[in-house]
Amino acid sequence: MLQSLASNSCVRLIQNNTSTWYFFFLVIGYVLYLIFGAMVFSSVELPYEDLLRQDLRNVKRQFLQENECLSEERLEEFLGKALEASNYGVSVLNNATANWNWDFTSALFFASTVLSTTGYGHTVPLSDGGKAFCIIYSVIGIPFTLLFLTAVVQRIMVYVTRGPVMYIHTRWGFSKQLVALVHALVLGLVTASCFFFIPAAAFSSLEDDWNFLESFYFCFISLSTIGLGDYVPGEGYNQKFRQLYKIGITFYLMLGLIAMLVVLETFCELQELKHFRKMFYLKKEKAEDCVHIIDHEHLSFSSVSDQAASLREDKLNEPFMDVPPLTYSASDFSSLNR
């Protein structure tokens, strides 16, 4: 008996808190996914890092042996300054001195990466005034960019997603959920072709040191606003039409970001994903509903009596014009005269 009561109470507890349990499993799954990613990245990249460290040590040792007049301390000092300058986008190599990081086109590209929160990190403000302005510019510009992107995506969704889905649904009578799912898949494939595969092929031909995988990697890292900064286009010393190239990349990033948001919004409007997301949401209980429930429990009899009284008053207060008029015929008068 006690065991059955305990099991029933546990079942009721689980049923009443399903969203909490779903959210708990979601948190556990996300933490496990983070750990899984860390383990894979560590196992894949750690051997390459070790090889790179060994190569640098061997090159440094060989350089010191060939130049005995140079001490290791002076070499360390020079390398430290060179790396510090490289972190600010300034290189000591002769073939990289022709490109300026803060001409107008480069500054425009930097502003677009700041406002879109991509942030490659290859170019950063050098002066204190530039750092202060970057803070103020970002505080105002990032919300402004979100507002701009939201307005643009909302208008595009009307013509790209909602309109075609409703037209096919009403014109041919297909299921709206099926049409929305097929449309989302087709839109995803078209977006991937126009903003990932085709640009990756273009970047692999325009950039000397990039293959197709590296170009596709740059497109994905950029349009997903991750922006690691290990691959930045237009930074080669022999880049032709560099300014025009930079402006084209700026427009590509903005259009690609809008396209990605449209695709994500299209998938988020699918009924299957809506139901799946609601599994983890906290159900809201309105205070008005609780008040109505309490009033219903404590004032049920009085409410019934009040309703009956109000009905009687309504009947008594009915206007006279609603009463059907009395009609008399000639035969009635003749009978009265008799």
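Arg 162 is partly exposed, with a relative accessible area of 34%; partly exposed covers the range between buried, under 20% relative accessible area, and exposed, over 50%, taken with a 1.4 Å probe on protein chains only. This is a predicted model, in which local features need pLDDT of at least 70, side-chain atom pairs count only at pLDDT 80 or more, and totals for chains, interfaces and linings use all residues. Residues are numbered from 1 along each chain as its sequence is written, and side-chain values use heavy atoms, with hydrogens and water left out.

The side chain of Arg 162 meets that of Glu 269 in a salt bridge, at 2.6 Å from N to O. The term stands for a side-chain nitrogen of Lys or Arg within 4 Å of a carboxyl oxygen of Asp or Glu. This pair links distant parts of the chain, 107 residues apart: Arg 162 is in helix H5, and Glu 269 is in the loop between H8 and helix H9 (271-278). Helices here are DSSP runs (H or I, at least four residues), as strands are (E, at least two), and they are numbered from the N terminus. Glu 269 counts as partly exposed, at 25% relative accessibility.

The structure holds six salt bridges. Another of them joins the side chains of Arg 242 and Asp 103, at 3.8 Å from N to O. Arg 242 lies in helix H8 (residues 242-268) and Asp 103 in the loop between H3 and H4, so this contact ties together parts that are 139 residues apart in sequence. Arg 242 counts as buried at 10% relative accessibility, whereas Asp 103, at 22%, counts as partly exposed.

Glu 76 and Lys 60 also meet through their side chains in a salt bridge, at 2.0 Å from N to O. Because Glu 76 lies in helix H3 (residues 72-87) and Lys 60 in helix H2 (residues 18-66), the pair ties together parts that are 16 residues apart in sequence. Glu 76 is partly exposed, with a relative accessible area of 38%, and Lys 60 is partly exposed at 22%. Together with Glu 72, these two residues are linked in a network of salt bridges.

Next come the aromatic rings. A search of the whole structure finds 20 aromatic pairs. Rings of Phe, Tyr and Trp (its six-membered ring) pair if their centres lie within 6.5 Å; planes under 30 degrees apart count as stacked, over 60 as edge-to-face and the rest as tilted. The rings of Phe 109 and Tyr 120 have centres 5.8 Å apart and planes at 10°, so they are stacked. Phe 109 is in helix H4 (residues 104-115) and Tyr 120 in the loop between H4 and helix H5 (128-172), eleven residues apart. Both Phe 109 and Tyr 120 are buried.

The pair of Phe 197 and Phe 216 is tilted, because the ring centres are 5.2 Å apart and the planes stand at 40°. Phe 197 lies in helix H6 (residues 176-206) and Phe 216 in helix H7 (residues 212-223), so the pair ties together parts that are 19 residues apart in sequence. Phe 197 is partly exposed, with a relative accessible area of 43%, and Phe 216 counts as partly exposed at 25%.

Ring pairs also link residues into a cluster, whose members include Phe 109, Tyr 120, Trp 210 and Tyr 252. The ring of Phe 109 has the charged end of Lys 246 over it, 4.4 Å from its centre. A charge sits over a ring if NZ of Lys or CZ of Arg is within 6 Å of the ring centre and within 35 degrees of the ring normal. The charged end of Arg 171 likewise sits over the ring of Trp 172, 5.4 Å from its centre.
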